[in-house]
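Q: Hey, I'm new to this one. Can you walk me through how it's put together?

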There are 2 protein chains.
Amino acid sequence: VIDIDQWSITRAVELANARGQDSRIVHVVNALVRHLHDFAREVRLTEQEWFEGVRFLTQVGHITDERRQEFILLSDTLGLSTLVTAQNHSKPTGCTEATVFGPFYVEGSPQYLNGEDIANGAQGEPCFVSGMVRGHDGRVIVGAEISVWQSDSEGYYDVQRPEIDRHQARGVVHSLPDGRYHFKSLLAAPYRIPHDGPVGRMLEALGRHPWRPAHLHFMIKAEGFETLITHIFREGDLYLESDAVFGVRSSLVTHWVRHEPGRTPDGKTSDEAFYTLQYDFVLDRSTKE
Amino acid sequence: VIDIDQWSITRAVELANARGQDSRIVHVVNALVRHLHDFAREVRLTEQEWFEGVRFLTQVGHITDERRQEFILLSDTLGLSTLVTAQNHSKPTGCTEATVFGPFYVEGSPQYLNGEDIANGAQGEPCFVSGMVRGHDGRVIVGAEISVWQSDSEGYYDVQRPEIDRHQARGVVHSLPDGRYHFKSLLAAPYRIPHDGPVGRMLEALGRHPWRPAHLHFMIKAEGFETLITHIFREGDLYLESDAVFGVRSSLVTHWVRHEPGRTPDGKTSDEAFYTLQYDFVLDRSTKE
């Protein structure tokens, strides 16, 4: 393979990849190469633009660390995450819709009992979250592992606050024998995705804002069911129609009820206003054995 | 834009990008998004594969530093670099062909006079390089800035040897009043592109070797001419037909002549065998003002 030009290069790469042992990897890489080459030919990518691309990806790589995943942010803002989520979770009607995972999940978040306060010191108006976990057949699911993570009232996750050395506004609870879950947290706020890095500069160049509507993240695992990764959004939020990462589904938008100071769902009394939000999750049967 | 699925997401991203001020950026990003989405739908990319992709790019970013550019290596091995080079340099017949830039160029390399030894202490058999720089009309080009960089006899560039604190086997000379250039260096060797990182693992998964045929890199700049970035390859090299980065052009392959010990082109005497290689460059008129 010598004397390759801008057209024959695509076939040349495919030929070079022909000895790969894993046919799925070869298939995926060859398709990626074909589409990447088609892109570069279609726009007649210049050498300067190619170099800007190399520099952009280098910046994305260098800002990514244990606390920040700029490649996921890039995938989210280019709509790739929503595409991949959607094509892998076409669920029967009635099941809770999935949406993007996002970059803020943390492994090993603290375990809580139902009713406990997962805010763990984060500031914001109290919010009491509750609901049921069921299968598609209506039967309750006992002991489902419910991971939740959310922003504080200023729109930041704990991992975005370098001064914080513990998990805040994130945790794991398990559904009770009647399928119910409930915990105390705080009112999530709309926020800007981290926009002080290369993805933020990209959004600016594209005339886009970095805001996401307020939401809680959930990941729910139960044996025999497909793991559900989703958000719950707040009705009336300013950014429902223009989420920077294309994550909103109308079935995931719910009314977050404001209450005047007084008796709270945990039987105590609050001197400040508080919120309740209720959402029932319906999981799909696992397609795996 | 809510309730997006794997098909409507592409149009949704395009709509979100509609307010970008720079129409070229919007055009390039929208085309990239469309081809990226087409790819993910065509192969029905799974969430696991998406995550492996994020992890792979993170590794590429983290291994990239001042001395190593793994994104360029990735572009080279996927044929993107050759495509971009080819479509931006369709030259008139008779001009020297361009090929990929590669990841080993270093800004601020030392200036040499013609005839000097650019090896600067790197080990290997001596090699005397010479030739002419001309325009397409045959007229000699005086004072062209000729940057050259190459591997040592073990196949490593200076930047790949952490123990070396100076430039070796790279430098800049200028063509003489008669258009001629000449310098002493050493015999370049075939080498493996850096393969201890993510790109190396990718090549292995694809059943590909990481070898490149022996070559010298040249970048030649002269006022009024298009900058030429190219290589000179060695006739008979084992890897001419399977260059890991698809850079070989038959017009760039030349005979590197071996000589027994004796009188060398610089008028001295060599106790060891040495090589000469001769190549004339023909530059294209700049299309710019």
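A: Helices (H or I, at least four residues) and strands (E, at least two) are DSSP runs, numbered from the N terminus. This is a predicted model, where local features need pLDDT of at least 70 and side-chain atom pairs count only at pLDDT 80 or more, while totals for chains, interfaces and linings use all residues. Residues are numbered from 1 along each chain as its sequence is written, chains are lettered from A and ligands numbered from 1 in the order in which they are written, and side-chain values use heavy atoms, with hydrogens and water left out.

Q: OK, so at what angle do helix 3 of chain A and helix 4 of chain B pack?

A: At about 130°, with their axes 9 Å apart. That makes helix 3 of chain A oblique to helix 4 of chain B; angles under 35 degrees count as roughly parallel, over 145 as roughly antiparallel, 65 to 115 as roughly perpendicular and the rest as oblique.

Q: And which residues make that contact?

A: From helix 3 of chain A you get A:Trp50, A:Val54, A:Leu57 and A:Thr58, and from helix 4 of chain B there are B:Phe71, B:Ile72 and B:Ser75. Contact means heavy atoms within 4.5 Å. By class there are 5 nonpolar, 2 polar and no charged residues. Ala, Val, Leu, Ile, Met, Phe, Trp, Tyr, Cys and Pro count as nonpolar, Asp, Glu, Lys and Arg as charged, and the others, Gly among them, as polar.

Q: What does helix 4 of chain B do with helix 3 of chain B?

A: Those two, residues 70-77 and residues 47-63, pack at an angle of about 125°, with axes 8 Å apart. So helix 3 of chain B is oblique to helix 4 of chain B. Helix 3 of chain B brings B:Phe56, B:Leu57, B:Val60, B:Gly61 and B:Ile63, and helix 4 of chain B brings B:Glu70, B:Phe71 and B:Leu74. That contact has 6 nonpolar, 1 polar and 1 charged residues.

Q: Switching topic: what rotation superposes chain B on chain A?

A: A rotation of 180° with 0.0 Å of shift along its axis, giving an RMSD of 0.0 Å. That is the relation of a two-fold axis. Copies are superposed by least squares on the C-alpha atoms of residues with pLDDT of at least 70 in both.

Q: Which residue of chain B comes closest to the rotation axis?

A: B:Gly61, with its C-alpha at 1.9 Å. As for the interface, 99% of the interface residues of chain B are also interface residues in chain A, so the copies meet through the same surface.

Q: What about helix 1 and helix 2 of chain B, how do they cross?

A: Their axes come within 10 Å and cross at roughly 165°. That makes helix 1 of chain B roughly antiparallel to helix 2 of chain B. The contact residues divide into 3 nonpolar, 3 polar and 3 charged.

Q: Now the sheet in chain A: what's the strand order?

A: It's an open sheet of 5 strands in the order 3-2-7-8-9, with mixed pairing. Two strands pair if DSSP finds at least two bridges between them. The edge strands of chain A are strand 3 (170-174) and strand 9 (253-254), each pairing on one side only.

Q: How many bridges join strand 2 of chain A to strand 7 of chain A?

A: 6, and the two strands run antiparallel. A:Val148 stands opposite A:Phe218 in strand 7 of chain A.

Definitions and conventions. Axes fitted to C-alpha atoms, helices over the stretch in contact; angles between N-to-C directions.
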